[in-house]
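Hi,

Here is the structure I promised to pass on. Have a look at it first, and then read on for what turned up.

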Amino acid sequence: MVRENQSTAIEFLLLGLAGQSKEEEVIFGMFLWMYLVTVCGNFLIILAISCDPHLHTPMYFFLANLSSVDICFSSVTVPKALVNHVLGSKSISYAECMTQIYFFITFINMDGFLLSVMAYDRYVAICHPLHYTMMMRPRLCVLLVAISWAITNLHALLHTLLMVRLTFCSHNAVRHFFCDPYPILKLSCSDTFINDITAFTVGGLTSITPFTCITVSYGYILSNVLKFPSIQGIRKALSTCGSHLTVVSLFYGAILGVYMHPSSTYSVQDTVATAFFTVVTPMVNPFIYSLRNRDVKGALKKLMCRRLTSSRFYN
């Protein structure tokens, strides 16, 4: 199969993470279970925050947005892999692949931007508690999220347009369960120099900027917290950051290892790491924030009690 020109329609073959049918059945079961947990867990977080007036604060506004993005992030890649397995197919059309790349880049970067905004929120709450309400006004919170969406969509559009200009030749098999940009680049018989340079510069800037904001915010938080007179005060201040730091570590630990090198060196280990932050991280985020956060746990308990009470009433 040769692509004669830019308008020729082609398709890619997503080989998945396993080569044998028994292994594919196990991975299918794991992916289905993790996807359902991801959607249900993040939806419960959104529902708990929206139903509890005490959680209508900037921190939980950003958390609700993060949960929404995590649902979308998983939905970009996992359902297609599950459907292909059920149908016994491994193909994905060229248009579907480019669309998947666009939304994958959008949501992965949106996760990073939201985590940086949440770090700034924690910085203001701990270092400037008396001015928190004034500094984190609702209009500013909405503006920060809106700017993040604009940047991530423009960034995704740039990479997708650069991908569309490439020519793909006869070899179209991808050792992955979705159209990850790096493995797709390796299939191109065109010169991918511009794509690699853009990934290093614009892509690196889009990834490193939120990470730098997170690092600087926590640097200020740590220096401020160490001035507290009591150990109990230090623990209380840091306890509000524990969940966020855990999520940041999981998210950036995988991403920086996968995408901070040329596409030509993309390996099987990178494929496994990509599966981790596209499937596992969105699933564990609700557990991290609910198990380590009293307010969220309380809101979830109230939500469950309301459901039980209403079901008993109707019965």
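**What turned up**

The accessible surface of the chain is about 15900 Å², and carbon and sulfur atoms hold 69% of that. Bear in mind that this is a predicted model. Of its 315 residues, 47% count as buried.

On the fold: there are 11 helices and three strands, and in sequence order they run β-α-α-β-α-α-α-β-α-α-α-α-α-α. Among the contacts with a separation of 6 or more, 79% are between residues 24 or more positions apart.

The UniProt entry, which is unreviewed, puts "transmembrane region" at residues 26–48, 60–81, 101–120, 140–158, 197–221, 242–260 and 272–291. I looked at two of these spans. Residues 60–81 are 100% helix and 0% strand in the model, with 32 Å between the end C-alpha atoms. Residues 197–221 also come out as 100% helix and 0% strand, and there the end C-alpha atoms are 35 Å apart.

Ser207 sits in helix α7, which covers residues 193–225. Its relative accessible area is 14%, so Ser207 counts as buried. Leaving out residues up to four places away in sequence, Ser207 touches Asn109 and Tyr252.

Now the inside. The largest nonpolar core holds 83 residues, and Phe12, Leu63, Leu115, Phe168 and Ile184 have the most contacts within it. Helix α3 (residues 94–127) supplies the largest share of this core, with 19 residues. What does Leu115 touch, leaving aside its neighbours within four places in sequence? The list is Leu66, Ile214, His244, Val247, Val248, Phe251 and Tyr289.

Ile126 is another residue of helix α3. With a relative accessible area of 11%, Ile126 is buried. Beyond its neighbours within four places in sequence, Ile126 contacts Ile221, Asn224, Val225, Phe228, Ala237, Thr240 and Cys241. Take the pair Ile126 and Cys241: they are 115 residues apart along the chain, yet 9.8 Å separates their C-alpha atoms.

On the outside, Val83, Val86 and Leu87 make up a nonpolar surface patch with about 310 Å² of accessible area together. Val83 belongs to helix α2, residues 58–87, and is partly exposed at 42% relative accessible area.

Then the charged pairs. How many salt bridges does the structure hold? The count is three, and here they are:

- Glu24 and Lys90 meet through their side chains, at 3.0 Å from N to O. Glu24 is in helix α1 (residues 21–51) and Lys90 is in the loop between α2 and β2 (91–93), so this bridge ties together parts that are 66 residues apart in sequence. Lys90 is partly exposed, at 32% relative accessibility.
- Glu96 pairs with Lys80, with 3.6 Å between the closest N and O atoms. Glu96 is in helix α3 and Lys80 in helix α2, so the bridge links parts that are 16 residues apart in sequence. Glu96 is partly exposed, with a relative accessible area of 39%.
- Asp121 pairs with Arg122, and their closest N and O atoms are 2.9 Å apart. Both Asp121 and Arg122 are buried.

Cheers

Conventions: Residues are numbered from 1 along each chain as its sequence is written. This is a predicted model: local features need pLDDT of at least 70, side-chain atom pairs count only at pLDDT 80 or more; totals for chains, interfaces and linings use all residues. Side-chain values use heavy atoms; hydrogens and water are left out. UniProt positions are given in the numbering used here, feature names are shortened, and annotations may be inferred rather than shown by experiment. Helices (H or I, at least four residues) and strands (E, at least two) are DSSP runs, numbered from the N terminus. Buried means under 20% relative accessible area, exposed over 50%, partly exposed in between (1.4 Å probe, protein chains only). Contact means heavy atoms within 4.5 Å. A nonpolar core is a set of buried Ala, Val, Leu, Ile, Met, Phe, Trp, Tyr and Cys residues joined through side-chain atoms within 4.5 Å. Patches are made of residues with over 30% relative accessible area and no salt bridge: like charges are joined within 9 Å, nonpolar side chains (Val, Leu, Ile, Met, Phe, Trp, Tyr) within 5 Å. Accessible areas come from the Shrake-Rupley method with a 1.4 Å probe; for residues, only the protein chains shown count as cover. A salt bridge is a side-chain nitrogen of Lys or Arg within 4 Å of a carboxyl oxygen of Asp or Glu.
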